[in-house]
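The sequence and structure come first.

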Amino acid sequence: MAFRWRYLNAAGEQVDGPDEQFDNQQLAEEWFAADWELLREIGVDAVTLLDGDDEVYGPMSLHEP
């Protein structure tokens, strides 16, 4: 399986974002840590980490509580 991110708007609906896939969770999280601000700038409000079609965790807001 490949790890990837699902991108969500403020209403919790899936939106388009970078189509990146990673060999493991650590690589996915490192990429997210480096690019989360860019995601917010393009209209992503939250993300969910997926392993294939299975949710690992999320949704995780990109905004302060």
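Are F22 and W31 buried or exposed? F22 is buried, and W31 is buried as well; buried means under 20% relative accessible area, exposed over 50% and partly exposed in between, with a 1.4 Å probe and protein chains only.

## Basis

This is a predicted model, in which local features need pLDDT of at least 70 and side-chain atom pairs count only at pLDDT 80 or more, while totals for chains, interfaces and linings use all residues. Residues are numbered from 1 along each chain as its sequence is written, and side-chain values use heavy atoms, with hydrogens and water left out.

## Sheet and helix

Four strands form an open sheet in the order 2-1-3-4, with antiparallel pairing. Strand 2 (14–15) and strand 4 (54–61) are the edge strands, each pairing on one side only. Helices (H or I, at least four residues) and strands (E, at least two) are DSSP runs numbered from the N terminus, and two strands pair if DSSP finds at least two bridges between them.

Strand 1 (residues 3–8) pairs with strand 2 in the antiparallel sense over 2 bridges. Y7 has V15 of strand 2 as its bridge partner. Helix 1 (residues 25–41) packs on the sheet and touches strand 1, strand 3 (46–51) and strand 4; contact means heavy atoms within 4.5 Å. The direction of helix 1 makes about 30 degrees with that of strand 1, where axes are lines fitted to C-alpha atoms, for helices over the stretch in contact, and angles run from 0 to 180 degrees between N-to-C directions.

## Aromatic pairs

There are 3 aromatic pairs in the structure. Rings of Phe, Tyr and Trp (its six-membered ring) pair if their centres lie within 6.5 Å; planes under 30 degrees apart count as stacked, over 60 as edge-to-face and the rest as tilted. W5 and F32 make a tilted pair, 4.9 Å centre to centre with 35 degrees between the planes. Because W5 lies in strand 1 and F32 in helix 1, the pair ties together parts 27 residues apart in sequence.

W5 and F32 are both buried. F22 and W31 also form a tilted pair, at 5.7 Å centre to centre and 45 degrees between the planes. One aromatic cluster is formed by W5, F32 and Y57.

## Nonpolar core

The largest nonpolar core has 12 residues, among them W5, F22, W31, F32 and V47. Such a core is a set of buried Ala, Val, Leu, Ile, Met, Phe, Trp, Tyr and Cys residues joined through side-chain atoms within 4.5 Å. Strand 1, helix 1 and strand 3 each supply at least two of its residues, and helix 1 gives the largest share, 4 residues.

Not counting residues up to four places away in sequence, V47 touches residues including W5, Y7, F32, L39 and L62.
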